[in-house]
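Please open the structure in your viewer and keep the selection tool at hand. The stops below take you from one selection to the next.

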Amino acid sequence: MTKRPRSPRSKPLLLDNSRPLQSRPIRKRDKAQPALPLDPMPRRVEPALALLKQRPPAGDQWQWEIKWDGYRLAVHIEHSGVRIVTRGGYNWADRFPAIEAAARALGPATMILDGEGVVLDEQGRSDFNALQNSLGAVGRRSGNQAARNAIFYAFDLLYLDGHDLRSMEYRDRRHLLEETLLGSNGAIRLSEEVETDPAVLLDHACRLGLGGIVGKKRDSRYRSGRTGDWVKLKCVQTEAFFIVGYEPGRGFGGFASLLLAAYHGDELRYVGSVGTGFKERTAVALRTTMDKLPWRQKVPPVPYKGNRRVVWVQPTLIAEIEFGQRTPDNKLRHASYKGLREIQDNADVYRLEDEGI
């Protein structure tokens, strides 16, 4: 008697009579990202900020460079193009055309460069007033000029060719930054490190009329905010303050001085006034901008005990002010107006408790 063949215990490979053959759905790839399974490029990174110090910290774990006086920017070089992102998250690529062109020339690598956009004077020093004049910035929500002579000093590298570098030590990120910008001396340049005693470097920077110096811990990761991993020492105090009013007068723009405020905790405190540093065109444009702000009637937006005649305005405009020191009651000494920060820049308004001494 012939044996009947046994039924197979399992169906042959790729054979299923109960339904048509179908492969697993393939997830669509984001064309803005590399094809390999690497780290996605962040759309925006909140910057690491330097803590103000009166003297250099002790130890040899710090690396030092010049402090530039301009706009903090992040240059995103992506497959889809170049974005130049302000601290407020706005794309200013159209306002820095030379920097954008230089960034395109660094491709096809993808990267995020952290640095400062500046305009240099004849001595090679960063000039905030010149940068403001190039941008035509008087506090409008959107400027109408491009800083065609601006350059970008890069001092950190946050992302490179599919790799997020923020968890790496600063010394390693710095090495990659130097390799990436090797030979670049156009509108994108390397912010050079200086190997010397920071006290000597600060003295030299001040004698040359520079803004100061910045120190960074060699073994620090990139952490957003004012963590203490980065510190700054200034030759002259320059900080951002709210404009809370003006004193009418016969000066340029029809005002004698601006009244200023800083943060103390969550509240605003009056810190004095500034009546110097104005040019006629700047003052007229500033007065026009202030006239468009909501009024506070006769009620000041900060505690005020003075008796001068003041037109109070809503704390919206942020002015960059140079000053000597503060009095015991926190008033600014020898204050001079440098320019108006733009809303998109998201500049830090000075905090009375943030001396970091």
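Predicted model: local features only at pLDDT ≥ 70, side-chain atom pairs only at ≥ 80, totals over all residues.

Residues are numbered from 1 along each chain as its sequence is written, and side-chain values use heavy atoms, with hydrogens and water left out.

**The sheet**

Select the 4 strands of an open sheet with mixed pairing, whose order is β1-β10-β9-β2; strands are DSSP runs of E with at least two residues, helices are runs of H or I with at least four, both numbered from the N terminus, and two strands pair if DSSP finds at least two bridges between them. At the edges stand β1 (51-52) and β2 (62-66), each with a single partner strand, so one side of each has no neighbour in the sheet. Now select residues 212-217 and 230-234, which are β9 and β10: these strands run antiparallel and are joined by 5 bridges. Within this pair, K216 has W230 of β10 as its bridge partner.

**The helices on the sheet**

Helix α3 (residues 170-180) lies across β2 and β9, at about 45° to β2.

How many cavities of 30 Å³ or more does a search of the whole structure find? There are 2, a cavity being a set of points on a 1 Å grid over the protein atoms alone where a 1.4 Å probe fits but cannot get out, with lining residues having an atom within 4 Å of a point. The largest cavity holds about 110 Å³ of space, a volume being the space filled by probe spheres set on the points, which are joined across faces, edges and corners. Select V45, P47, A74, V85 and T86, the closest to its centre of the 14 residues lining the largest cavity. Strand β3 gives the largest share of that lining, 4 residues.

Finish with the second largest cavity, which has about 40 Å³ of space; its lining includes R221, Y222 and W230.

Methods. Contact = heavy atoms within 4.5 Å. Axes fitted to C-alpha atoms, helices over the stretch in contact; angles between N-to-C directions. 1 Å grid on protein atoms, 1.4 Å probe; cavity = no way out; pocket = protein on both sides within 12 Å on 5 of 7 lines; lining within 4 Å.
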